[in-house]
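Here are a few friendly notes to read alongside the model. Take the points one at a time and find each place in the viewer as you go.

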Amino acid sequence: MKYKNLLISRYFLISKYTGIIIMFAGAAIASPLLFLIAYPEEAALAPHFLLAAGLSVLAGLALYIYGSKHQEKDVELSLNEGSIIVIFSWLGAIFFSAIPFITILDMSWTHSIFEVVSGWTTTGLSLVDVTTAPKLILIWRSIMQFFGGAGLAVIALSSLLPVHGMGLYMAEARSDKLLPHVKRSTMMIMKIYTLYTIAGIFLYYFSGMSMFDSINHSMAAISTGGFSTQPDSIGHYNSLSIEVVTIVLMFLGTINFATHYTLLKGKIRTFFKNAEIRLMITLFTLLTPILMFFSLNTLYPRLSENFRVTFFQIITALSTTGFSTISFAGWPLFANFIIILIMLVGGGTGSTAGGIKQYRIYLIFKSIYWEIKEQFLPRRSVSSNYLWRGENKFHVKDQHIKDVANYIILYLFTFFAGVAIHTAYGYSLLDSMFEFGSALGTVGLSIGLISPAAPAGIIWTQTIGMFLGRLEFFIILYAGIKLVKDGVYIAKHD
Amino acid sequence: MFIVIIGCGRTGSLLAGNLSRSGHEVVVIEHDPESFALLPVDFSGFQIEGDAAENDILKEGKIESADLVIVSTGNDQINYLVSQMAKVNFDVPRIMVRTIDPAVEKMYENEDRVESFSQISLLAENMINKIEREGMR
């Protein structure tokens with residue numbers, strides 16, 4: 001009985017925190033209205049955004065008041081409870097964010113949810129026709145990516161929530177701590193993130209983009225999102241300086257915030273020792289020439305053009321951003337396959353990127369190397385295996401390798417399941433792998449499969465893929481299992 | 001405040017949990033990784049596994065920028081050594097040391113910046129106070 005009461009009181013707490021985050025999402029939905037100052041001609045759209053924002057704040061407030069009824073002092077949140085809060089606040093935010101797309105653009109629920117999930121998860125696959133969409137909708141898509149990149153719980157922790165938030169922080173796949181306190185860590189993340197975005201806006205502007213496009217592209221690049229205001233993405237501008245700015249921003253976006261912190265403190269040598277940075281440099285130096293000389297040299301005969309195109313597409317796939325300067329549909333099979341592999345690898349842990357994450361890949365390759373090395377060492381020798389993470393040496397234990405290997409297997413399993421669904425709809429194996437790898441890794445590159453005409457089953461498969469990829473599977477499993485277990489317990493002990 | 005806690009046993013983990021919850025930045029240094037399990041779930045500071053008597057481990061915990069160092073291992077010799085290292089090598093402005101054997105307290109008597117807390121003296125003092133307040137019954 002006592003345990004049941006305890007469980008119920010925990011759920012009141014969960015409801016309270018979820019309420020706070022959904023209220024915050026409501027404020028985010030209202031934020032595009034700030035741009036009415038610059039575009040007063042779109043004032044007619046304001047009620048739609050106010051409706052969605054109002055509903056969201058009301059729902060959040062209801063949850064908050066309901067949860068505050070049973071207030072217990074000094075409670076701590078475990079990872080499982082944090083997972084439940086993160087998932088429900090994400091679902092809430094996704095639901096309410098979809099409303100403007102439905103009321104303004106007259107899109108169906110399926111398409112709107114797809115678009116919104118693509119925004120919040122920083123994927124960048126889109127069903128909206130950007131040439132006709134109003135400016136407010138365009139900026140709202142970019143704002144979703146900006147907030148989704150940092151993570152709802154992280155933003156909420158940095159400003160609103162009380163300090164008991166370790167479980168929440170871990171649940172949103174932001175496991176590296178920058179400073180020895182959650183609140184300071186999240187505030188530092190927001191500072192770094194906002195600083196880069198503002199810098200990005202000015203860089204784009206000086207490279208010849210209009211102010212509106214600069215704001216949109218900067219938010220979408222640093223969050224590794226990839227929504228563009230142009231139908232043919234960055235390729236529209238055909239400008240080298242804009243491409244260079246994009247490359248820099250995507251590169252910054254895909255680096256772990258803890259690593260950024262090392263860099264900002266001026267520790268260049270520790271920065272280059274970092275596992276993820278090493279893997280990234282290796283991949284660039286290895287794959288760029290392979291793609292250039294074994295596959296794309298017939299398509300782009302000029303060396304400089306070949307390098308420019310190849311390097312941009314590699315970094316857009318690796319950083320899981322999804323801006324592109326060309327169309328992948330005409331690329332040779334081998335080049336597309338390499339891009340699929342890069343999309344599976346993805347960005348850095350604790351960054352805004354998706355995919356399996358470079359850290360995990362690096363660790364698995366290292367562990368294979370360690371295994372082989374140990375085979376040839378004397379029988380009683382002891383070795384201590386480590387790699388560099390953030391600013392510190394990290395000694396790797398077997399348990400950690402097991403966790404990472406499990407994650408990779410689960411990721412690949414989901415990938416193949418999604419590809420199977422796509423092929424069942426009659427798409428070719430290459431298209432299926434490319435599209436679902438792009439959705440699951442929250443990349444947003446498309447080979448042309450996703451369009452408003454695509455069947456609903458495909459759209460939902462990709463929607464679920466993006467959601468799983470962003471929140472990293474396990475917390476969704478934890479949250480689901482905990483909900484079912486607790487529900488059964490409460491029902492049984494009435 | 002930035003606090004480094006050395007030793008994460010029952011005392012260290014309790015201190016670390018409460019200080020982290022009230023908003024301080026806390027780093028815990030402990031030799032035995034299993035002891036970290038004593039920390040509460042919402043402890044959000046750093047955990048460093050290693051021997052605090054090594055300079056490099058203290059440096060990893062950024063002890064030179066600490067506002068306060070709490071030394072609470074279960075060994076008086078180590079406590080004394082670490083408190084001296086914190087004071088002399090790293091110039092920490094304030095050091096709190098836990099002592100096991102009340103006799104050791106004397107060693108800290110004339111040290112500036114170092115305060116010692118003896119659990120046994122505190123216990124005895126508490127009991128004596130209570131006896132004196134309530135009188136013999």
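1. Two residues count as being in contact if their C-beta atoms, placed from the backbone, lie within 7 Å. Please keep in mind that this is a predicted model.

2. Let's begin with a helix and its surroundings. Helix α13 of chain A covers residues 275-294, which makes 20 residues. From first C-alpha to last it reaches 28 Å, close to the 28 Å expected at 1.5 Å a residue. Its buried residues are A:Ala275, A:Glu276, A:Ile277, A:Leu279, A:Met280 and A:Leu291. What covers them? The cover includes the chain A helices α11 (257-264), α12 (268-273), α14 (303-318), α15 (333-345) and α16 (358-375), together with strand β1 (386-389).

3. Next, the largest nonpolar core, which has 163 residues. Which members touch the most others? They are A:Ala153 and B:Val69. Helix α3 of chain A (residues 79-105) gives this core its largest share, 13 residues. Beyond its neighbours within four places in sequence, A:Ala153 is in contact with A:Ile21, A:Val86, A:Ser89, A:Leu168, A:Tyr169, A:Ala171 and A:Glu172.

4. Now look at A:Lys191, in helix α8 (residues 182-206) of chain A. Is A:Lys191 buried or exposed? A:Lys191 is exposed, because it has 12 other C-beta atoms within 10 Å and a residue with 12 or fewer counts as exposed. Its C-alpha lies 36 Å from that of A:Ser451, 260 residues apart along the chain.

5. Finally, chain B. An unreviewed UniProt entry places the feature "domain: RCK N-terminal" at residues 1-115. This span of chain B is 31% helix and 23% strand, and its end C-alpha atoms lie 18 Å apart.

Note on methods. Residues are numbered from 1 along each chain as its sequence is written. Chains are lettered from A and ligands numbered from 1 in the order in which they are written. This is a predicted model: local features need pLDDT of at least 70, side-chain atom pairs count only at pLDDT 80 or more; totals for chains, interfaces and linings use all residues. UniProt positions are given in the numbering used here, feature names are shortened, and annotations may be inferred rather than shown by experiment. Helices (H or I, at least four residues) and strands (E, at least two) are DSSP runs, numbered from the N terminus. A nonpolar core is a set of buried Ala, Val, Leu, Ile, Met, Phe, Trp, Tyr and Cys residues joined through C-beta atoms within 7 Å. A residue is buried if 20 or more other C-beta atoms lie within 10 Å of its own, exposed if 12 or fewer, and partly exposed in between; C-beta atoms are placed from the backbone. The expected span of a helix is 1.5 Å times one less than its number of residues.
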